[in-house]
Structure formats: C-alpha cells, structure tokens
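Colleague: I would like to learn how to read a model of this kind feature by feature, with the general idea given before the particular case. Could we go through it together?

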Amino acid sequence: MHVLTSLLEQYGYIVLFIALMLELIAVPGPGEFLMGYAGVLVFQGKLNWMLSILAAGLGSCAGVSISYWIGYTLGPATVQKYGERIHFGKDRLEKTSRWFKHYGNKLLLIAYFLPGVRHIAGYAAGITRIPYRLYAIYAYCGAFLWAGTFISLGKLLGPEWEQFHASIKKYLLIGSLFAIIVFLLFYLIKTQKSKVRELMIAGLVKGARQFHTLRRLRLLIVFTALFF
C-alpha cells in the first residue's frame, strides 16, 4: 500500500488512471483507498480536484470498456461451449440478455460501490451482448459517480481519511445493497403482479384462519378457567 501511495504522490493522475483501469478489468487493487488518498492530496494542494476525478473516471471507463469487449468477443463462444455444465445455456443467456438490457444497466450506477460486482459487470454486459451505447451511458456515469464520491470524501476529511475509510466503505456498501434490494422488489412487483397478488391473498386468508383459530382457543381457555 505504501508503494502505491508513494507512486500516487510522485505521478498523480497517471497512477490514478492506470490503477482504476486495471481494477475494473478485475485486477485486484485498492482503488477506493487510492481515490480517497488522492482526495487527501487534493486537500493538501498537491493535486487538482477536478483533474483527479477526471483521471479516475476515465481510467474506470477504460477498464469497463475493455472488460465489456472481452466479454463481447469471448463470452458467447465460452457460454455455448461450457454453459450447459453450469446450467447457463443459450436460452438462459437470451433471457439474461433481455433482462440486462431493460433493467441491468440501471444497476451499473451503484454497482461500482459493491466489491466483486463492479469487477464482473462489464464482462456480464459483453457476454449478454447488450448494445454498447446503452451500456456506456450507465457504466460511464457510474464510473464518475464512484470516482467523484471517494475523491470528494478524501478531500473533505483530509488527514482523517484513513481513520474513517473502513466505516465509509461499509456504509456505502450497505446503502448500495439496500438500493439493489429495493430495485429488485420493484422489479418483481412490476413483472409478477398476478403472482404477488395471489401470494398476498393466500397470506391474508391463512392469517385470518389462524386468527379465528386462536380466538376460539382463547375463548376455550377462558371458559375452562371460569368453570374450574
């Protein structure tokens, strides 16, 4: 980590660009920590705030573009060859592609805040062959949102950034997961209205039956107590 921060202090924007590009190609790296530290350097006047966000954002865009084209070029052939072994055949690929085209891109806005998800999102988009222009709109906006968030937090917190880094990362992760859960719930309600309605009605009927049963049981207990 010390080596990376030293390189960032010496070469600044170039290190930010390369580090974020490699991370989004799924090369392990402390991208969030580096962006936060870049914010600290902005606080100290060693880097420019806008140029730091630009370098990190462009590096992220380059990374997700490379991962998309790798998935687009190699993914379908790999799925056709090995997909059945992992229960991901051609039919499931087509269904996933349709879902990703209509809904998955919106998740790219917050997917960067989820470790692991941001590393495979580009490959998944390429494999499912969603249009690159549609993918790029959300992926690039998400990249600059991610970069701007951590660099700005580093700038605001200054030297105290390292002290709060773990907590900030944890709360952003929880917030992103919550947003994805809400999105999926809305998606299920929208696409499975009839099933959701049937489940709700069945639950209400079952609850009503249990309520009546419990009420009868309470009355039996009361009458038994009075009798004795």
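**Salt bridges and their setting**

Modeller: The structure holds 2 salt bridges, where a salt bridge is a side-chain nitrogen of Lys or Arg within 4 Å of a carboxyl oxygen of Asp or Glu. Before going further, note that this is a predicted model, in which local features need pLDDT of at least 70 and side-chain atom pairs count only at pLDDT 80 or more, while totals for chains, interfaces and linings use all residues. Residues are numbered from 1 along each chain as its sequence is written, and side-chain values use heavy atoms, with hydrogens and water left out.

Colleague: Which residue forms a salt bridge with Glu23, and how far apart are the closest N and O atoms?

Modeller: The partner of Glu23 is Arg118, with 3.0 Å between the closest N and O atoms. Because Arg118 lies in helix H6 and Glu23 in helix H2 (residues 13-24), the pair ties together parts that are 95 residues apart in sequence; helices here are DSSP runs of H or I with at least four residues, strands are runs of E with at least two, and both are numbered from the N terminus.

Colleague: With which residue do the side chains of Glu32 meet in a salt bridge?

Modeller: Glu32 is also paired with Arg118, at 3.1 Å from N to O. Glu32 belongs to helix H3 (residues 31-43) and Arg118 to helix H6, so this pair links parts that are 86 residues apart in sequence. Through shared partners, the salt bridges join Glu23, Glu32 and Arg118 into one network.

Colleague: How many helices and strands does the secondary structure come to?

Modeller: The protein has 9 helices and 0 strands, which along the sequence gives the pattern α-α-α-α-α-α-α-α-α. In H6, the buried residues are Arg118, His119, Ala121, Gly122, Ala125 and Gly126.

Colleague: How many cavities does the model contain, and what lines the largest cavity?

Modeller: On a 1 Å grid over the protein atoms alone, a cavity is a set of points where a 1.4 Å probe fits but cannot get out, and lining residues have an atom within 4 Å of a point. Grid points are joined across faces, edges and corners, and a volume is the space filled by probe spheres set on the points. The count comes to 1 cavity of 30 Å³ or more, and the largest cavity has a volume of about 50 Å³. Its lining consists of Val64, Leu108, Ala111, Tyr112, Arg118, Ala121, Gly122, Tyr135 and Ala139, and H6 gives the most to that lining, with 3 residues. One of the lining residues, Ala111, sits in helix H5 and is buried at 6% relative accessibility.

Colleague: How many disulfides does the structure hold?

Modeller: A disulfide is a covalent bond between the sulfur atoms of two cysteines, and the criterion is a pair of cysteine sulfur atoms within 2.5 Å. The structure holds 0 disulfides. The sulfur of Cys61 is 8.6 Å from the closest cysteine sulfur, in Cys141, and is therefore too far for a bond. Cys61 is buried at 7% relative accessible area, whereas Cys141 is partly exposed at 46%.

Conventions
Buried means under 20% relative accessible area, exposed over 50%, partly exposed in between (1.4 Å probe, protein chains only). On a 1 Å grid over the protein atoms alone, a cavity is a set of points where a 1.4 Å probe fits but cannot get out, and a pocket is an open set with protein on both sides within 12 Å along at least five of seven lines; lining residues have an atom within 4 Å of a point.
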